[in-house]
Each structure stands twice: as structure tokens, then as C-alpha cells.
Amino acid sequence: MNRPKRFLLAEDELPRQWYNIQAEMENKPMPLLNPVTKEPLKADDLAHIFAAECAKQELDQEHVWIDIPEEVFERYKYYRSTPLVRAYALEEALGTPAHIYFKNESVNPLGSHKVNSAIPQCYYCKQEGTTNVTTETGAGQWGAALSYAAKTFGLECAVYQVKISMQQKPYRSFIMRTFGATVEGSPSMSTRAGKDIITAEPNHPGSLGTAISEAVELATTTPNCKYTLGSVMSHVSLHQTIIGLEAEKQMEKAGEYPDTIIACFGGGSNFGGLAFPFMRHQLKSGSEKKIDFIAAEPNSCPKLTKGKFEYDFGDSAGYTPLIPMFTLGHTFKPANIHAGGLRYHGAGPIVSQLLKDGLMRAVDIPQLESFDAGMLFARTEGIIPAPESCHAIAATIREAMKCKESGEEKVILFNLSGHGLIDMTAYNQFINGDLVNV
């Protein structure tokens, strides 16, 4: 049977702008606050931490479309477009009438969607004369992407990787060092924040909150250094909308339109990247096509399903602005699950507002269910997914089985945000029966 499976875009079809959902939201995200004065922050306030253009994009609630700089677009062309793929084998294994598609962000040289924001962030830093960048990373996908992008633009890069994730996935830190970055396990003894955490709890396994504290401290105490980050903040989701903008055009080539859109959720970058371009149609009155947007988070770190909406710090030490978010509390210590990129206590301000407004929903996935889903996907589609992406696959399987029960022929689109080829220790533990739900 001649069934088209992969859909790509030609170079002249690639998006030349990012989509800024803030500009079209009826209820705008609440402002970031200065933690001392409790006054809303301005772009100049953020520019001493972020690149000035990123700070501007973070607070931009006016411009719907933001031009992709030519040099960034040229770098995107190295690996974009990424394929939209019809998961026929998975559908057949499930016996579902649902049509399942996935946007395969795992095929770029860095192995995940993270490079989509690493390139523009390093570009903007270089443009303003910055020489050093620093960041946090969990599983290491973001750290690897930033290390590559920094080297591309001639920047020095320092990464704080969550200590437990560094132990679980040592090859990711090797990748960062291959690109010239320095890598420290967090919490470390190299910053005041890290020393305080270790003093209070010598065996602290680390979290994205601890790593952010250390990276922000380094950025604010090192001359000509800027902090970059791979999720949560609005400018990161903005850069990631390249995913959904491509997927819209590719779904048109496939002759279908999604009823359901699913992505895993840590801070919101890959979810927003896929979902926001499709969601823009529903923000406008009179939209006929309604999509069920689902964020899939680990049930051991369930900020969307069990957190509170309130102002909270983005890091453990309280260095960041106060962010309006669904949060488990900035001192929350997540369990040592293998989906290191999802072990974060809070959600970004845009997604938090959208969840409040009922424009999306969230589900939480146990670790064993996520690996069950990842194994089935690997054995049917031939791709070993990252543990983070396994949560999206598990949520997709749940929805596909509902279609099997009801007989509905829905179209489901999910984001395969990264591959799991450096996560094989986790798969081996699962196969051996050594993983548990936590």
C-alpha cells in the first residue's frame, strides 16, 4: 500500500517569523515582579541577566510576529524542517482508529528541540558583545544544545547540570565538554548558593531549581556574562514556535488537521513550541476547529495537576524574579526519575495563564507507564525516545485507546522532543525490572 509517512518542507517554505502568543491572549500573563519591591519588571531590569533582545521578547505583549534574524535562519537550515511522521505501526499495534502523527525533533544533530532556542539566545548575546554564557540543565539536552550554539558564535559556556542527572547520564556532560563547555554538577561548591544547599543537605541530589540558582549567580558575578535558559520563560517558548509553525504546513500536506495535540511538560518550551501556533486560531472568536491541548507531566513532579497558581521564584535560592506560575514551591525536591528535563517545580507564565483559562489541560504520567509507552514506540516506529518524550507518547496512547473504545477516528499530533540514545541505562533498568514509580 502506498501510504505517505513523512512530510517535510522545502527551504522556501520554512517559517521566517516566530509566533508571539502573548499578543493575542485575551487574558495576558501576569507580570514578572521584582522580589524586593513587588513592582512589575521592565525589559531593562531583565537585561542585566538575559540578552537585551531576549529581555525585550520576554515582555512583548504587542507584536504577534517576531522576525527570525537572518543568521539564525541560516543556522536553522542546517537541520530544519524536521519531519512530521504518521505513526502507522504504532496505530496498528494499538488497534486504534486514531491517526497518530509526531513531529520528530530528535533528528537534528543535538538530538532534541532545545537547539531551536539555543541558537537565537547565543546569537543575541554575541550581537551585544557578550563573551560568556551560563545555564542550568537537567537531563543535559539543553546543556548540549547551548554548548554547541555557544561554540558556533564564539562564546565561552559554563553549565550547571543537576547532579543526579549527571550521574544517570554521564555522556551528556561529555557532549557538552566536547563542544568546549565547562560542566559542574549542581549543587556544587563553586557558588554561594551551591555551598548553602550542600551545607544544609550534604547529599542533595540537585534539581533544576538549584542549578538555576548557581547559573544566575555566576552570570551576575562574572563580567560580560549572560544567563540563558532552555524552558519556562516566554522568549524560549517564542523561539520554539518554529516547531508548530512547521507542523501546521506539514499537516496541510498530510491532508489532515489535529483534534488533539500533546507534548511532555517540564517548564513548557516544547509544549508551547508545538501548541501555540495551533492555539492562535482558537484565541480568535468564531474559530470552528477546537483542539484538545494536553500537557503530559510526571506524576512525581505534578505542578500543573497538583500545584498552586501563585507568584514564586524560578530557582531554589530566590535569585530570580517572582513568576506567576503553577508551582509546587521553589524549595520542592523532585524524585530522582530518569526524565531529568521534567523535574522542575513550576510552569511558565504563558502556559500557567492558558491552563487557568481552560484553553488546555494536563495529565500526570507514572514513570513505569512512560517507559512502557517508550518501549512500544521503539519497537513499532524504530525510534528510542527520550524519557521526557515518553510521557507524551504515554498520553497519546491513552487518547488513542479512548478512540478504540469509542470508535472515533481522531487525529492526534504529539511532539517527539528528543531521542533517548544517551538514556539507555534507564531503558536497561526498566527492562531488568529495576525501575519503580516514585
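Let me start with a definition: a residue is called buried when its relative accessible area is under 20%, exposed when that area is over 50%, and partly exposed in between. Phe-179 has a relative accessible area of 25%, so Phe-179 is partly exposed. Keep those two cut-offs in mind. Also keep in mind that what we are looking at is a predicted model.

Staying with Phe-179, what kind of aromatic pair does Phe-179 form with Tyr-148? The pair is edge-to-face, with 5.6 Å from centre to centre and 65° between the planes. Tyr-148, at 21% relative accessibility, also counts as partly exposed. Now look at where the two residues sit. Tyr-148 is in helix H6, residues 141–152, while Phe-179 is in the loop between helix H8 (170–178) and strand S8 (182–186), so the pair ties together parts that are 31 residues apart in sequence. The count of aromatic pairs comes to 15. There is also an aromatic cluster, made of Phe-102, Phe-377 and Phe-414.

Arg-16 lies over the face of Phe-73, 3.7 Å from the ring centre. Arg-280 lies over the face of Tyr-19, and here the distance to the ring centre is 5.7 Å.

Next, the sheets. One of them is an open sheet of 4 strands, in the order S8-S7-S6-S9, and the pairing is parallel. Which strands are at the edges? They are S8 and strand S9 (225–227), each of which pairs on one side only. Neighbouring strands of this sheet are turned by 20° against each other on average, direction ignored.

We can look at one of the pairings in detail. Strand S7, residues 156–162, is joined to S8 by 5 bridges, and the two run parallel. If you want to find a bridge on screen, go to Ala-158, whose partner in S8 is Thr-182.

H10 lies across S6, S7, S8 and S9, and its angle to S6 is about 170°.

In H9, which residues are buried? They are Ala-193, Gly-194, Ile-197 and Ile-198. These residues cover an arc of only 125° around the axis, which puts them on the same side of H9. On the other side of H9, Thr-199 and Ala-200 are exposed. The buried residues of H9 pack against helix H7 (163–168) and helix H10 (208–221).

Now the other sheet on my list. This is an open sheet of 7 strands in the order S1-S4-S5-S15-S10-S11-S14, and the pairing is mixed. Within it, Ala-295 stands opposite Ala-362 in S14. Helix H13, residues 269–282, packs on this sheet, where it touches strand S10 (260–264), S11 and strand S15 (411–416). The direction of H13 makes about 155° with that of S10.

Last, some backbone details, all of them in loops. Where are the cis peptide bonds? One joins Arg-80 and Ser-81, with omega about 5°. Ser-81 is in the loop between helix H3 (70–76) and strand S4 (84–86). Another cis bond runs from Ser-186 to Pro-187, with omega near 5°. Lys-38 has phi near 65°, and is found in the loop between strand S2 (17–19) and helix H1 (43–46). Val-232 has phi near 70°, and is in the loop between S9 and helix H11 (234–240). Is each of these buried or partly exposed? Lys-38 counts as partly exposed, at 46% relative accessibility. Val-232 is buried, with a relative accessible area of 10%.

Note on methods:
Residues are numbered from 1 along each chain as its sequence is written. This is a predicted model: local features need pLDDT of at least 70, side-chain atom pairs count only at pLDDT 80 or more; totals for chains, interfaces and linings use all residues. Side-chain values use heavy atoms; hydrogens and water are left out. Rings of Phe, Tyr and Trp (its six-membered ring) pair if their centres lie within 6.5 Å; planes under 30 degrees apart count as stacked, over 60 as edge-to-face and the rest as tilted. Buried means under 20% relative accessible area, exposed over 50%, partly exposed in between (1.4 Å probe, protein chains only). A charge sits over a ring if NZ of Lys or CZ of Arg is within 6 Å of the ring centre and within 35 degrees of the ring normal. The arc is that of the directions from the helix axis to the C-beta atoms. Contact means heavy atoms within 4.5 Å. Two strands pair if DSSP finds at least two bridges between them. Axes are lines fitted to C-alpha atoms, for helices over the stretch in contact, and angles run from 0 to 180 degrees between N-to-C directions.
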